[in-house]
Amino acid sequence: MSVRVIIGAQWGDEGKGKIVDLLSNRSSWVVRYQGGANAGHTLKFDGKTIVLHLIPSGIFHENTKCVIANGVVIDPEKLLQELENVRAHGATPEGRLFISSTAHVIFPFHKQLDLAKESQLTDKIGTTGRGIGPAYMLKIARMGIRMMDLLDENVLREKVTQNVVYANSLLENLYDEKPLDVESNVSAMQAYAAQLSPFICNTAALLHDALDRNETIMLEGAQGALLDIDHGTYPFVTSSSPTSGGACTGSGIPPTRIEKVMGITKAYCTRVGNGPFPTELFDETGEELRSRGGEFGATTGRPRRCGWLDLVALRYACRINGVNELALTKIDVLNDMEEIKVCTAYKVNGEETLEFPLSINTFDHIEPVYRTFKGWKSYDSNPENRADLPETMQTYLAFIEEYLNVSVVILSTGPGRTETMELQEL
Ligand code: GDP
Ligand code: IMO
Ligand code: MG
C-alpha cells in the first residue's frame, strides 16, 4: 500500500486529524493538499490536545515527513504561530516539513475581503473569515501571490501592487472601507518569508522521488466532500476541492498512484456555518449530540449544528470520492441512547429518492426517511474483536456497510489516539 487519501465524507470536522495522526506512524509522508487555516484538525495523545490548521497531522511522528502542498492557501502569520505551537509540544519541523513554492499566500487583505463580502450578504455562507474564498478567487484569476514570490523583493512588490489596486477598488467602492498600502504588505510578508524560507521547496518533485522509492504517502484532506466547490451544497461550500480528485491537483501526485481512499464520517452529522442539512435536529436530541460530542468548531469555536447520520449524503460522498474504506468516528457519542436513527432516503415532493440534490432549492423540500436502530450501553474498554462489540452496535455497523457497500475499517470510540479499534489490517 503506498498512497492513501483521507477525506472528510460529510461537512468537515469528522475526525480527520485524529485518524491521520493515528495512521502516520505507518506513513513516510503526510501531505495537506487543499484548504488553508479554515481547517481545524484536533489531535489528542499523551494528555495533550493540539489543534492544527495548516501543518499536516503527521507532525508529531518523528520519522514522518510533512508537506504543505501546492493546493493549500497559506497564511504565513498563522503558519509561524502554529510552528511555535508544535515545537512547544515537542515536534521538530526542521528538515521534516516542506512547503510548496507554488502554494498561494493569504495576506491580511484576503481576510478583510472575506469578512467584508460576508457582511454584505443577506444569505451568509458563514465562512471562517480566514480569507479562503478571496485567495482562491485571485488564484483562479491568475493574480495570486505564491510562496516563491515572497523570496524575490521585486516580484513581490510588483504582485502586491497589482493585488492592492484590485483589493482597493473593492474595499473603497463596494465595501466602503479604507484602502490598503503596498509597502506595509510587502514588509510584513518579507519578515515572514525570512523565517519560512528554509521550508520552501518543490514539493511535487519530492513526492515523485518518494513514489519512485515506493514510500508510503498519506494525503490529508481538509473540510469535507459536501463542502467541495464543485460537488458540495453550492454556494454554501468552501472554495477548494476537498474530494479525492483535489488530492491529485493539490499535490502533483497522479491519479494512477492512488490506491486507497478512506472516507471519515461521524456516526451522526454536524455542520458549522450555513447551508442545507437535511437531517438537522432542532430538538433536545440535537442538543444532546452537541454537548456529548463537544460539537464546537476547532477553528472558530462556533457551535456545530447536529443531526442524525445521513446515508444518502454519505453514499454520494463515497461515490464522488471513490471511497473504498471507511473510518467511523464518535460512535461513543451515541452510547446509552435508547434509539439511533439513520436517514436512508429523501422524500422530495412525496417521492423517495437516493439521489443527493444538486439544486440548493430542492433541499427545502426534503423530508428525510429514517430507519431506527436499538441503541447500546457504554462499555469500559474496546474489545479485541468486532464480534465482541455490543450486538446492537454490530447490527448498526453492518447496515451502514451494506448500504454503502464499503467496509468500516476503523472505529473511533473516543478522541484519544488509543481510543480506536482497527477492524481490518491497514
Ligand atoms: P477534523 O477537522 O476532521 O480533524 O475534526 P475536528 O478536530 O475539527 O473535530 C473532531 C472532534 O471530535 C475533535 O474534538 C476530536 O478530538 C473529537 N473526536 C475525534 N474522534 C472522536 C471519537 O471517536 N469520539 C469522540 N468523543 N471525539 C472524537
Ligand atoms: P476541517 O478541515 C467544518 C465551512 C465554514 C463555512 C464554509 C466556507 O476542520 O474539517 P470558508 O472559510 O472555507 O470559506 O467557509 O466552510 N468550513 C468548515 N467546516 N470544518 C472545516 O474544516 C471547515 N472549513 C470551512 O464553516 O460554512
Ligand atoms: Mg475541524
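**Aromatic pairs and charges over rings**

Phe45 is buried, with a relative accessible area of 9%. Buried here means under 20% relative accessible area, with exposed over 50% and partly exposed in between (1.4 Å probe, protein chains only). Phe60 is also buried, at 16%. The model is predicted, so local features need pLDDT of at least 70 and side-chain atom pairs count only at pLDDT 80 or more, while totals for chains, interfaces and linings use all residues. Residues are numbered from 1 along each chain as its sequence is written, and side-chain values use heavy atoms, leaving out hydrogens and water.

Rings of Phe, Tyr and Trp (its six-membered ring) pair if their centres lie within 6.5 Å; planes under 30 degrees apart are stacked, over 60 edge-to-face, and the rest tilted. By this rule there are 11 aromatic pairs. The rings of Phe45 and Phe60 have centres 5.2 Å apart and planes at 55 degrees, so this pair is tilted. Phe45 lies in strand β3 (residues 41-45) and Phe60 in the loop between β4 (48-52) and β5 (65-68), so the pair ties together parts 15 residues apart in sequence. Helices (H or I, at least four residues) and strands (E, at least two) are DSSP runs, numbered from the N terminus.

Tyr346 and Phe356 have ring centres 6.4 Å apart and planes at 45 degrees, so their pair is tilted. Both residues are buried. Ring pairs also link Phe373, Trp376, Tyr396, Phe399 and Tyr403 into a cluster.

Charges were examined next. A charge sits over a ring if NZ of Lys or CZ of Arg is within 6 Å of the ring centre and within 35 degrees of the ring normal. The charged end of Arg417 sits over the ring of Phe45, 4.2 Å from its centre. Lys65 lies over the face of Trp29, 5.0 Å from the ring centre.

Methods:
Chains lettered and ligands numbered in written order.
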